[in-house]
Amino acid sequence: MRLPRPPRAHLRVATTVLTALAALSTAALATAAAPAGAADGAKDVSYRGYHVRVPSSWPVIDLAANPDTCVRFDRHAVYLGHATDAGQATCPGGLVGRTEALVIEPLDATGRKSVDGSTRIAPKGAASTAAPRTGGAPSGRIRQAVPAAGVLVTASVGADDAAAQTILDSADLDADAEAVTLSAAPAGRAETMSASAVAAQPGTYTGLGFDPCAAPSNAQMSAWSASPFRAIGVYISGISAACDQPNLTAPWIQTQTSAGWHIIPIHVGLQAPCNSFSHKVSSTLATAASQGHSEAQEAVAAAAALGLPQGSVLYDDMEAYDQTNTACSNAVMTFLSAWTEELHSSGYLSGVYTSATSMADLAGEYTTGTYTMPDHIWFARWNGKADNDATPYVPDEYWADHQRIHQLSGDTDETWGGVTINIDRDYLDVRVGPFAGSCTASLDFSAYGSISAGSSGGLVSAAQCLLTRQGYFTGTVDGAFGSGTTSAVQSFQSAKSLPVTGTVDSHTWTALLSAGTRPTLQSGSTGTDVKRLQRALIAARGQTLTIDGDFGPATTTAVKAYQTAQGLTSDGIVGNLSWSALQAGK
């Protein structure tokens, strides 16, 4: 049962395009020649012999002439030159959302730092290419190096890739283009680290932190050593990240952690379906679950590229939404559950950022076992208090083991060491895991025999782990079935309307192993949800299955046999009815 929904707390909001553009001086607009075909509503922008056509309403901002400009992707614009540290420091800390925009900068020593394995390289003499480099581009952008003109072009993606790609495809060159040589093996974010490895982040820390829109430079961070902050939130991935990140590299992460800073890695991706953002979680629950897995995979890849190791907490930024909208709420909860499950399977821990009011959705499901809970919560409650109090939205006993971050104020300029940055202020009470609700014991067995008080070994550890994830067991996962494990099993059995025996039999195993989201699975499905299904089928029917996450013929046969035994339509498709039976321990 969800907690009552109190009045909305203050939350981050995307800054509107019109207000921001009105503040630009006319000096900020570079000259753009009107093309012969201006009747089509487009104009030609020229930079270093590279030409591209953009909508005529887009401002063109010369960053060399206007170094205090924030390069941001929540509004349409063309930026010429390199973003500056001073300019990025002015970006509002809570920007979220992305639309089409363009950055065209020199392919010099600074520009080359942004060239990575996902950057497209235009062929010799060409202005564009549609062929991506291997490595997979981060969502929300297309980055293209044009050696023939010595420029690097970054296109921000809005609702889909098509509009941004159309702009890039319009490019051509003129006689002013001067070619440069680009190494076949760009460094940038793929640069290897020779110094000591970074510890799991944000690590153990109690005190103040801040989150800006763009990662400050090393010099700015050094200046802020005079501040009371020792933690910083950084947007490492996500299609809704609104700011350019020229400073965020693996060497930057290592430099800051070596200097004593704690990193809060943030993924700002798909948003609630009842919000107005361009990129949303699907209202179809099976799709929402798939999206949660995919978004977590993207965040893990970004974290690994930045040198953030397993054991780090990766936080999904889910902006405030209307949890009185049941369909919207269910989609978000399904998405976040899959996000957590995927992070756990990759060795990372899960965090969720949202408003305090929206956090009540997670709190309302904390002990139900319907969803997999995150390891950390980060709630926006702009009351100015440096504490971890989330009442009445989240009870004190939930996420109580140093697992909270409180965003206490936002969108303010602060100056330390002579450097001004626009930030949101945070208070952290965190520590290195494992946490209540998380564990990493092996769950894969060829059979799930009954275990009870006095039992020991891997099956006991698996049961303790599953009970821990669902909030029933708070002891150590040690493989010893003692009184604490017995009590946890009894509590779980009572909640699932199973005989309260304290023995983990086939029915209790089935309910434990199948707990979580209920995506529709069928032949051809793959991933962690299929593994969860396979484990539950082994427990329920004693069937011989390989737990490989591949819904093949053997799994189809096992599903059909289970459905027949339960009086369900034997179609081999695992939908809500099949999941309901499994999660009831049948």
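Which residues are buried in helix α6 (residues 250–258)? In this predicted model, the buried residues of α6 are Ala250, Trp252, Ile253, Gln254, Gln256 and Thr257, where buried means under 20% relative accessible area, exposed over 50%, and partly exposed in between, with a 1.4 Å probe and protein chains only. These buried residues pack against α5 (218–223), β11 (231–237), β12 (262–267) and α7, contact being defined as heavy atoms within 4.5 Å. Helix α6 is followed by Gly260, which has a positive phi near 100 degrees.

Residues are numbered from 1 along each chain as its sequence is written, and side-chain values use heavy atoms, with hydrogens and water left out. Because the model is predicted, local features need pLDDT of at least 70 and side-chain atom pairs count only at pLDDT 80 or more, while totals for chains, interfaces and linings use all residues.

The protein contains 15 helices and 17 strands; helices (H or I, at least four residues) and strands (E, at least two) are DSSP runs, numbered from the N terminus. Of its 586 residues, 57% count as buried. Among contacts between residues at least 6 apart in sequence, 67% join residues at least 24 apart.

Two helix pairs were examined. Helix α7 (residues 285–305) packs with helix α8 (residues 326–345) at an angle of about 40 degrees, their axes lying 7 Å apart. That angle makes α7 oblique to α8, since angles under 35 degrees count as roughly parallel, over 145 as roughly antiparallel, 65 to 115 as roughly perpendicular and the rest as oblique. Axes are lines fitted to C-alpha atoms, for helices over the stretch in contact, and angles run from 0 to 180 degrees between N-to-C directions. The crossing of α7 and α8 is right-handed; a crossing is right-handed if the near helix is turned clockwise from the far one by less than a right angle, and left-handed if anticlockwise. On the α7 side, the residues in contact include Leu285, Ala288, Ala289, Gly292, Ala296 and Val300, and among their partners in α8 are Ala331, Phe335, Ala338, Trp339 and Leu343. The residues of this contact of α7 with α8 divide into eleven nonpolar, six polar and three charged. In this division Ala, Val, Leu, Ile, Met, Phe, Trp, Tyr, Cys and Pro count as nonpolar, Asp, Glu, Lys and Arg as charged, and the others, Gly among them, as polar.

In the second pair, the axes of helix α10 (residues 458–469) and helix α12 (residues 506–514) come within 10 Å and cross at roughly 55 degrees. Helix α10 is therefore oblique to α12, and the crossing of α10 and α12 is left-handed. The contact is formed by Leu459, Ala462, Ala463, Leu466 and Leu467 of α10 together with Trp509, Leu512 and Leu513 of α12. The residues of the contact of α10 with α12 comprise eight nonpolar, no polar and no charged.

Individual residues were considered next. Gln407 is placed in strand β16 (residues 403–416) and is buried, with a relative accessible area of 0%. The Gln407 side chain makes a polar contact with the side chain of Asp211 (3.5 Å); a polar contact is a pair of N or O atoms within 3.5 Å, of which, within protein, one must be able to donate a hydrogen and the other to accept it, and residues adjacent in sequence count only if both atoms are side-chain atoms. Asp68, by contrast, lies in the loop between β3 (60–62) and β4 (78–80) and counts as exposed at 56% relative accessibility. Leaving aside residues up to four places away in sequence, Asp68 touches Ala86, Gly87 and Thr90. The C-alpha atoms of Asp68 and Gln88, 20 residues apart along the chain, are separated by 7.6 Å.

Several backbone features concern loops. Most residues other than glycine have a negative phi, and most peptide bonds are trans. Arg48, in the loop between β1 (42–47) and β2 (50–55), has a positive phi of about 55 degrees although it is not a glycine, and counts as partly exposed at 48% relative accessibility. Ser497, in the loop between α11 (483–495) and α12, has a positive phi of about 60 degrees and is exposed, at 67% relative accessibility. The peptide bond from Gln201 to Pro202 is cis, with omega near 0 degrees, and Pro202 is located in the loop between β9 (172–173) and β10 (205–211). The peptide bond from Thr391 to Pro392 is cis, with omega near 5 degrees; Pro392 lies in the loop between β15 (376–380) and β16.
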